[in-house]
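My entries follow in the order I made them.

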Amino acid sequence: MTESPPKITKAVIPAAGLGTRFLPATKATPKEMLPVVDKPAIQYVVEEAVSAGLDDVLMITGRNKRPLEDHFDRNYELESALLKKGDESRLAKVQESSDLATMHYVRQGDPRGLGHAVLCAAPHVGREPFAVLLGDDLIDPRDPLLARMVEVQERHGGSVVALMEVAPEQIHLYGCAAVKPTDDADVVEVTGLVEKPEPAEAPSNYAIIGRYVLDPHVFDILRKTEPGRGGEIQLTDALQQLAATHHSAADAAGKVGGPVHGVVFKGRRYDTGDRGDYLRAIVRLACEREDLGPDFKAWLRSYVTEEM
């Protein structure tokens with residue numbers, strides 16, 4: 001009897017970065033706690049994991065990241081004060097973050113790149129497939145990217161990366177995938193990966209964005225991966241090895257780590273890692289809120305008209 005593949009229940013969120021692009025705001029406040037309208041960016045990411053059925057969340061943190069833990073913990077004093085005031089609406093919002101998921105935390109220590117951060121999750125994840133969500137990329141909940149990636153991984157095995165088509169002159173900002181089509185219009189097989197290539201050397205304009213569903217064999221490769229660009233251990237390098245191994249003659253059956261597939265995403269993505277895109281994300285999300293949108297859009301139209 002063939003064993004069914006293990007169900008994916010664990011999500012890893014690397015959150016140890018220094019947030020230097022947002023200084024001085026991030027001098028004492030983690031960049032992941034910067035508000036996007038009225039919720040910190042990191043809460044959107046955890047909510048996305050939970051909506052895809054991944055309610056066991058490990059956050060990879062570093063020094064000065066204690067507010068992340070506090071946000072997803074209970075605040076009994078605040079809850080008691082709101083309860084006494086009869087402010088049930090705000091009480092529900094406060095309790096929402098602490099009731100979202102089973103949260104775990106581990107410190108990365110030395111910031112040695114995304115690959116090293118993912119490797120820090122190995123003791124918690126074990127030998128199960130798992131998801132990685134980067135906090136700078138917010139995916140609109142109306143476009144369930146992660147759920148689709150989990151579905152693809154459960155069907156094909158191996159690892160799955162999220163891809164978006166970008167302008168050729170922008171590809172040097174991303175990891176880039178060489179791909180070939182599959183029977184599914186939104187799914188490609190990844191035959192190679194390169195981290196932040198020059199446009200002339202890029203194999204495509206498919207950029208890797210911050211969502212991954214990974215086979216646990218990636219840990220074995222990351223342990224042996226030498227630092228690459230910027231002196232960091234790159235997750236892209238490990239995925240490149242998985243893809244190459246699967247297509248090699250020595251492993252024609254693809255038994256070691258399985259294939260690497262990509263889900264081509266064409267939905268709504270908000271990049272909060274860049275100051276300009278962060279502001280645009282706030283405006284877009286505020287405009288779509290029923291409680292804020294009508295008044296805010298009216299003010300925005302008036303402001304733009306006056307400025308023009």
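**Notebook entries**

I began with Gln-43 and found this residue in helix α1, which covers residues 41-51. I noted that the model is a predicted one.

Is Gln-43 buried or exposed? I read a relative accessible area of 3% for Gln-43. Buried means under 20%, so Gln-43 counts as buried. I then listed what Gln-43 touches, leaving out residues up to four places away in sequence: His-71, Phe-72, Glu-96, Ser-97 and Leu-100.

Next I turned to strand β12, residues 260-264, and found five of its five residues buried. Val-260, Gly-262 and Val-264 point one way from β12, while His-261 and Val-263 point the other way. I wrote the general rule beside this: in a regular strand, side chains alternate between the two faces of the sheet.

Which strands pair with β12? I found strand β8, residues 159-165, pairing with β12 in the parallel sense over five bridges. Within this pair, Leu-163 stands opposite Val-264. I also found strand β10, residues 187-195, which runs antiparallel to β12 and is joined to it by three bridges. Here Val-187 has Val-263 as its bridge partner.

Last, I checked the length of helix α7, residues 145-156. At 1.5 Å a residue, its 12 residues should span 16 Å. I read 17 Å between the end C-alpha atoms, which agrees. I listed the buried residues of α7 as Leu-145, Leu-146, Arg-148, Met-149, Val-150, Val-152 and Gln-153. After α7 comes Gly-157, and I noted its positive phi, near 75 degrees.

Key: Residues numbered from 1 in each chain as written. Predicted model: local features only at pLDDT ≥ 70, side-chain atom pairs only at ≥ 80, totals over all residues. Heavy atoms only, no water. Helix = DSSP H or I, 4+ residues; strand = E, 2+ residues; numbered from the N terminus. Expected span 1.5 Å × (residues − 1). Buried < 20%, exposed > 50% of the residue type's maximum accessible area, 1.4 Å probe, protein only. Contact = heavy atoms within 4.5 Å. Pairing = 2+ DSSP bridges.
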